[in-house]
Amino acid sequence: MTAPAAPSANSRIAVVTGASSGIGAATARQLAAAGYRVVLTARRKDRIESLAEEITAAGHQATAYALDITDRAAVDEFATAFKTVGVVVNNAGGALGADPVATGDPADWRQMYETNVIGTLNVTQALLPALTASGDGTVVVLSSTAGHGTYEGGGGYVAAKHAEHVLAETLRLEIVGLPVRVVEIAPGMVKTDEFALTRFGGDTEKAAKVYAGVAEPLTADDVADTITWAVSRPSHVNIDLLIVRPRAQASNTKIHRDA
């Protein structure tokens with residue numbers, strides 16, 4: 001993999017949603033190390049403030065901004081702080097539950113749609129003028145392999161991620177000609193501290209079973225490296241869709257597990 005190109009002077013701000021943990025936090029660290037001034041957003045203010053301090057102590061630039069991306073008024077207010085933005089990483093999202101469609105909780109489905117889809121829509125709409133004004137903007141949508149193939153027990157999350165994939169695909173068609181790229185990164189199995197635990201309501205046993213026998217699932221840093229590579233390509237290069245899985249995972253339902 002080639003070294004990331006230095007971001008241009010007029011597009012050095014990178015906004016990362018869901019930056020309080022996991023892929024979001026790892027992406028913020030890597031973009032900062034690549035020369036971007038990162039703006040960390042998440043609901044957990046203490047987490048992003050701590051991360052901003054860590055990044056600053058490492059000699060990079062970071063600012064924390066507590067934000068609920070499903071609150072459109074709050075997102076619009078946040079966007080007024082920027083004349084130009086170079087990169088927006090729509091990372092905030094997540095899964096809740098693994099019940100079949102017949103018994104799934106509509107509240108879980110609604111929350112997943114609001115966070116993964118409406119949250120991404122809110123942030124992208126609010127910051128699109130600043131991305132365009134930069135003359136070299138990039139929208140990153142962090143979807144999932146769930147947005148490209150279904151599996152039993154995944155109905156609500158799969159539906160939300162399919163919608164997020166279509167949002168990115170449609171936006172790319174609609175803004176062609178503007179100086180803004182639309183990149184979709186779709187990770188497969190990623191082991192982070194919180195994803196599976198949140199999905200199963202804090203049940204550590206169920207969360208552990210997701211990764212049981214898989215020697216090397218993807219890490220948050222693996223995905224962050226992929227994001228940083230994609231956004232640091234030359235301006236005329238657009239990575240429309242990049243699906244990244246661990247070697248042990250051939251599909252959403254075909255995974256090699258050691259006995």
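## Two helices side by side

Helix axes here are lines fitted to C-alpha atoms over the stretch in contact, and angles between them run from 0 to 180 degrees. With that in hand, let's look at this predicted model, beginning with a pair of helices. Helix H4 (residues 106–133) and helix H5 (residues 155–174) have axes that come within 8 Å and cross at roughly 15 degrees. Since angles under 35 degrees count as roughly parallel, H4 is therefore roughly parallel to H5. The crossing of the two is right-handed.

Which residues of H4 and H5 make the contact? From H4 come Trp109, Met112, Tyr113, Asn116, Val117, Thr120, Leu121 and Thr124. H5 answers with Gly155, Gly156, Tyr157, Ala159, Ala160, Lys161, Ala163, Glu164, Leu167 and Leu171. Sorted by class, this contact holds eleven nonpolar, five polar and two charged residues.

## The seven-stranded sheet

Now for the sheet. Seven strands form an open sheet in the order E3-E2-E1-E4-E5-E6-E7, and their pairing is parallel. Strand E3 (62–66) and strand E7 (241–244) are the edge strands, each pairing on one side only. From one strand to the next, the twist averages 15 degrees.

Strands of a sheet pair through backbone hydrogen bonds, either parallel or antiparallel.

## Strand E4 and its neighbours

Strand E4 (residues 87–90) sits between E1 and E5 in the strand order. With strand E1 (residues 13–16), E4 pairs in the parallel sense over three bridges; here alanine 14 has valine 87 of E4 as its bridge partner. Strand E5 (residues 137–142) runs parallel to E4 and is joined to E4 by four bridges, with valine 88 standing opposite valine 139 in E5.

Are the residues on the two faces of E4 buried or exposed? Val87 and Val89 on one side, and Val88 and Asn90 on the other, are all buried, so both faces of the strand are covered. In a regular strand the side chains alternate between the two faces of the sheet.

Note on methods: Residues numbered from 1 in each chain as written. Predicted model: local features only at pLDDT ≥ 70, side-chain atom pairs only at ≥ 80, totals over all residues. Heavy atoms only, no water. Parallel < 35°, antiparallel > 145°, perpendicular 65-115°, else oblique. Left-handed = near helix turned anticlockwise from the far one by under 90°. Contact = heavy atoms within 4.5 Å. Nonpolar A, V, L, I, M, F, W, Y, C, P; charged D, E, K, R; others polar. Buried < 20%, exposed > 50% of the residue type's maximum accessible area, 1.4 Å probe, protein only. Pairing = 2+ DSSP bridges.
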